[in-house]
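Subject: Structure for you to look at

Hello,

Here is the structure I promised you. Please open it and keep it beside this email as you read.

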Amino acid sequence: MDRNQIGKWLKNPGKMANKYSFHVVYFCTGCGIIEIPPSITTRWDAERFGIIPVATPRQANLFLITGYVSTKTLKAIIRTYEQMPEPKYTVAFGSCPINGGMYYDSYNTIKSLDKYIPVDGYIAGCMPRPEAIFIGVTHLWKLIDMDKADGYKRYREDYEFYRENQEQLFGELDWPPLFKNKSS
Amino acid sequence: MEELKKNILSIFNDLEIYIRKDNRMFINTKKETVLSLLSYFKNSGYDHLGLISCNDWIDDSKFELVYILSAYMANDEEFQEKEKRIIIIKTRIPREKAKFITVIDIFENAEPYERELHEMFGIKFEGHPRLTPLFLELKYETPPFRKDFDTEKYVENKFGKIPTIKERKNNQKNERT
Amino acid sequence: MRELELYFGPQHLGMVGNFSIKLKVEGDRIIKADANPGFLHRGFEKLMERRTWMQNFPLVCRINVVEPDHMELVYSMGVEKLAGIEVPERGKYIRSICCELARVGSHLFGLWAYSNMLGFDTVAQWAMYHRDLILDLFEELTGARVYHIYIRPGGVRRDFPDGFKEKVIETLHKIGGKVPDYNATFFENSLFKKRAEGIGKLSREEAKSMGAVGHVLKATGMKYDIRKIEPYAVYDQVDFNIPTREGGDAYSRLLTIRDEMIESVHMIFKLIDKMPDKGKVYTKTPNPFKWNIPEGEVYVRCESSRGELGLYMVSDGGDKPYRAHFNTPSYNHGLTVLEKVLVGESVSDVGNIMISLYVVAPEIDR
């Protein structure tokens, strides 16, 4: 450890411990799941960055959305995201969550994921290599240091707008709202 | 394949059979003879139902159902001529209020194919045990695989009109002031 | 005893892929199982009707994520049959070598999933490492690890680079030399035999009436393989065996897969010896924006690593397909066979049965 690190650890030990031990929810959402097993096994070892997959969302810290999202998967993603405890971060792979990607005219895929749950960053590639995944994680460390990775805070403040968007897409939702309404 | 053609023409009438050079036999038939034709083929050894598909000829206002059959091996060790052939049976049904009979009594694995055709084209199969949605989550006015369902217009109307979070916040601020 | 309804849902540690099953359980035994697909549906067949013949070819490989080469092969064979194009000899040999390498890689992925679920972590790490060596070969040949976009209508995109043949032989010797270790650690282990014998049993008559193909049928004793029945590419000039087992349970299916992998490795050595040294690898096709194909319909099939894969395509004389319908092997295995086989088994064996049938979720939904 050098002098910069010692200062950071003494100022905010919770943030540093949170950063260097990401627990990933084990949910294979799309195409990009084909590059997660090589990242976890011995050739491109992810545990040296502190990343390890866990079984339930109640124990998790980081949510990787690997590729495109269809309407049926979006319901499962919203329920899983709301079960994770704070602070939590989301990272999306590829160009399909940004503007639809190569399925821009499909009737069943979501064209822009940021309207429904907050996304902290995107990783380029179709599919991204394991080295690209690790570079994305180190960028996320920098954002956490500068206090810019605040997706979960935005979700808490603007919850009514997110919920209106979700209801405009699906109609009636069969789970109650997570946070109480602030404006009333 | 010529023998098979003669045998079929002696039992059934009002069929059209065409044999192509690469071991494919095409049969065009009326919708009432489809069930008996399928059981005749299953009894003479063609017991693998490959696919049930549908073409949408919107100019003639008809649907065309396609059944594709092939043969499993009768003898475990050697390959005979029979396994190379593929038989394609086609019928036409009207497009308004389309309905047909199910073939589950003859081939057991036809159940998910017919469920998918009901969901994507809107064809009703009488006698099917469960015709519930298989893949889709939202409800559509026209079934999605028909030729008069325009996907770009649907995407603009449904997904393009949902605003981003910043736009919603600005709208609320403008309303309040 | 009371009944309980469980969701073996998409977010579960025993599930590989985005798929869900609804179970009705009494104590520890399953009474009824309902498969719930549709989490990965993109409407491929509607998307293909809006793109020209050549624009479809980068789109088709995304149907099966684990092994995309056979999808490209079956689409190229369909277009060549409709338009009447011949593939040159060297192109056919390169196509066969690509497909056999993809088959070995896909079986190693399945071995990772199965042994990880049972708890044999060492074998899982070896299998993933060897699959990475094969993906390195593909990266040198085609430019990408996962989605190759290499087998096009008319042949293949480009020829082998210099020194590629020697690299293939060296990699295969590395993988083949580890087979005695795989046998001693996993396949001849008595724990694996106790855990997998008698689970998910299928007799041959049941498998035939449910439409099973591929290794599920070979594990009941029938030698049904499209590479011998209707040979495509150069499979009629190479002699190889088709391994089968009696039994029909999860134990025989895994052993059939191991024998198939060893047979593929021997076949690649024979193909490299027989390949012609020089020649063109593709025939020229007309301008892709103005290519009209005459009317007709066609049904082609090939043998992917999971079973028989077919494509039904209709053209009406224009520059886009009128209808394209894929017949994938996981459709029957995941929807009809799975619901029948799970009745009467214990809840802790659901992952065991599902992964031994090699169900890949994007193939069902397309």
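Predicted model: local features only at pLDDT ≥ 70, side-chain atom pairs only at ≥ 80, totals over all residues.

Now turn to chain A and chain C. Here 28 residues of chain A are in contact with 26 residues of chain C. On the side of chain A that touches chain C, the elements giving two or more residues are helix 3 (36-40) and helix 4 (71-83) of chain A. Helix 4 of chain A gives the most to this side, with four residues. The residues of this side of chain A divide into 14 nonpolar, nine polar and five charged.

Next, look inside. The largest nonpolar core has 160 residues. Which of them touch the most other members? They are C:Val74 and C:Leu338. Helix 4 of chain C supplies the largest share of this core, 14 residues. Take C:Leu338 and set aside its neighbours within four places in sequence. C:Leu338 is then in contact with C:Ala35, C:His333, C:Met354, C:Leu357 and C:Val359.

C:Val74 is one of the buried residues of helix 3 of chain C. Is this helix mostly covered or mostly open? Helix 3 of chain C is mostly covered, with 12 of its 15 residues buried. Among them are C:Met71, C:Tyr75, C:Gly78 and C:Leu82. The buried residues of helix 3 of chain C pack against helix 2 (57-60), helix 4, strand 4 (151-152), strand 6 (296-304) and strand 7 of chain C.

You can check the length of helix 3 of chain C yourself. It has 15 residues, so at 1.5 Å a residue it should span 21 Å. The expected span is 1.5 Å times one less than the number of residues. The end C-alpha atoms of helix 3 of chain C are 21 Å apart, which agrees. Just after this helix, C:Gly84 takes a positive phi of about 75 degrees.

How do helix 3 (residues 69-83) and helix 4 (residues 89-118) of chain C pack? They pack at an angle of about 145 degrees, with their axes 9 Å apart. Helix 3 of chain C brings C:Asp69, C:His70 and C:Leu73 to the contact. Helix 4 of chain C brings C:Arg95, C:Cys98, C:Cys99 and C:Ala102. By class, this contact has four nonpolar, one polar and two charged residues.

Last, find the strands of chain B. Strand 1 (residues 16-20) and strand 2 (residues 24-28) of chain B pair in the antiparallel sense over five bridges. B:Ile19 stands opposite B:Met25 in strand 2 of chain B. Strand 1 and strand 2 of chain B form a hairpin, with three residues between them. In the turn, B:Asn23 has a positive phi of about 65 degrees.

Strand 2 of chain B has another partner, strand 5 (residues 86-94) of chain B. These two run parallel and are joined by five bridges. B:Asn28 stands opposite B:Lys90 in strand 5 of chain B.

Best wishes

How values were computed:
Residues numbered from 1 in each chain as written. Chains lettered and ligands numbered in written order. Axes fitted to C-alpha atoms, helices over the stretch in contact; angles between N-to-C directions. Contact = placed C-beta atoms within 7 Å. Nonpolar A, V, L, I, M, F, W, Y, C, P; charged D, E, K, R; others polar. Core = buried A, V, L, I, M, F, W, Y, C linked by C-beta atoms within 7 Å. Buried ≥ 20, exposed ≤ 12 C-beta atoms within 10 Å, placed from the backbone. Pairing = 2+ DSSP bridges.
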